[in-house]
Amino acid sequence: MSETPIVITMGDPSGVGAEVAAKAMASLSPSERDRYAVIGDRDTLDRAIRACELNLPLRDHGQDDFAKALSVIHVPVDGLPGRFGVLSEACGEASFRYIEKAVEMTTSGAATGIVTAPINKEALNSAGHHYDGHTGMLAHLTGCKSSWMLLASPTLNVLHVSTHVSLKDAIGRAQPERVHETIRKGHDHLRRMGIASPRIAVAGINPHCGENGLFGREDDEQIAPGVARAQAEGIDVQGPISADTVYHRANTGAFDLVIAQYHDQGHIPIKLIAFDTAVNVSLGLPIDRCSVDHGTAFDIAGTGKANHVNMLAALDYAGKLASSRLSVPV
């Protein structure tokens, strides 16, 4: 291996993670493939390769005698079902251990960054790992109090004030401090990615941003003060802007980033616009992590039908993160 690898966590062994990882790796040249290592279960990866009828030899990580093979870091977990499409506590445990290994490697400098394949939250929690998903798990494993979910695509970028909480709780979390901090994290990330002066829009939380209190005071009392703080720091940010127009404006070039107030407010527009190309990126961590933006798809796992386009997009973004880490202090 010619450089410190970007590691790919296989995700839930019952899902499509092994399949999309294998397809993505098989589509690369041997020299490109040499940049990566997959963390997961070798037998599951073998089964996925056979299901997809791929010519993709494997090697243990650190063995450089077979340059065309994909490097694999096998993490043994007892009780894996040995077949796809099964909700399993053991698979939830495996999902956690793959991430744990990736964090260990990345924080120690043995890996450059992490690309994650999908996990199943029910399986993860049944194994005793009570997280809302990758973002919360990674924040805990790296000792961070806060983290953010960015969905990045070629024409639309969305950063969330909150994600996996109820709508009622999301409204409560959209406080000036969190809004302000979210704007700053998005601004700093886009600067790191090469945008010198990011143009940021903040979506309102109520219809028409509350119409001066007619439909609620949250935009005036919770969102606007956070925007004002960021503006006072010289950040080019506008808002709150009615959510029914701001995404169209951003997608057609008016803004580089939209701050969404809650999960579905940000996920719905970007999945409509860029379902196969949007990448999930974690901000606020001391390590770089991005991910496919789809689930485990138990219904098609093991059939060879899973599309790996989103994994390729995640790998491409991870490469850009790695390059920016070399040139910009994080």
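Modeller: One term first: a residue is buried at under 20% relative accessible area, exposed at over 50% and partly exposed in between, using a 1.4 Å probe and protein chains only. Keep in mind that this is a predicted model, where local features need pLDDT of at least 70 and side-chain atom pairs count only at pLDDT 80 or more, while totals for chains, interfaces and linings use all residues. Residues are numbered from 1 along each chain as its sequence is written, and side-chain values use heavy atoms, with hydrogens and water left out.

Let's start with the nonpolar core (buried Ala, Val, Leu, Ile, Met, Phe, Trp, Tyr and Cys residues joined through side-chain atoms within 4.5 Å). The largest one has 79 residues, and V7, I8, L45, V115, I183, V281 and M311 are those with the most contacts inside it. It lies between domain 1 (6-145 + 284-326) and domain 2 (148-272), because both give residues to it; those bounds come from an automatic or database domain assignment.

Pick V115 and look around. Contact here means heavy atoms within 4.5 Å. Once neighbours within four places in sequence are set aside, V115 touches I6, V7, I8, T9, C290, M311, A314, L315 and A318. There is also another core, apart from the largest one, with 16 residues including V158, I241, V258 and A274.

Strands (E, at least two residues) and helices (H or I, at least four) are DSSP runs numbered from the N terminus. As for pairing, two strands count as paired if DSSP finds at least two bridges between them. β1 has four bridges to strand β2 (residues 36-40), in the parallel sense, with I8 opposite V38. Four bridges, again parallel, link β1 to strand β5 (residues 113-116), where I6 has G113 as its bridge partner.

β6 pairs with β7 in the antiparallel sense over three bridges, A152 stands opposite N157, and a hairpin of four residues joins the two strands. β7 and β10 run parallel, joined by three bridges, and L159 faces I259 there. Helix α11 (residues 263-273) buries Q265, G266, H267, P269 and I270. Its cover includes β6 (148-152), β7 (157-160), β8 (200-203), α10 (243-251) and β10 (257-260).

Back to the two domains. Their centres, taken over C-alpha atoms, are 30 Å apart, and the contact draws on eleven residues from domain 1 and twelve from domain 2. Between them they bury about 940 Å², 52% of it on carbon and sulfur atoms; this is the accessible area (1.4 Å probe) that the two parts lose on being put together, summed over both.

That brings us to the charged side chains. A salt bridge is a side-chain nitrogen of Lys or Arg within 4 Å of a carboxyl oxygen of Asp or Glu, and the count comes to 13. One of them crosses the interface of domain 1 and domain 2. R192 and D288 also pair up, with their closest N and O atoms 2.8 Å apart.

In helix α1 (residues 17-26), K23 and E19 are four residues apart, about one turn of the helix, and their side chains meet at 3.5 Å, N to O. K23 counts as buried because its relative accessibility is 14%, and so does E19, at 2%.

R59 and D34 form a salt bridge at 3.2 Å, N to O. This one links distant parts of the chain, 25 residues apart: R59 is in strand β3 (residues 58-60), and D34 is in the loop between α2 (30-33) and β2. R59, at 4% relative accessibility, counts as buried, as does D34 at 15%.

Helix α12 (residues 309-327) holds D316 and K320, four residues apart, and their closest N and O atoms are 3.3 Å apart. D316 is partly exposed, with a relative accessible area of 44%, and K320 is partly exposed too, at 45%. Elsewhere, salt bridges with shared partners join R217, D220 and E221 into one network.
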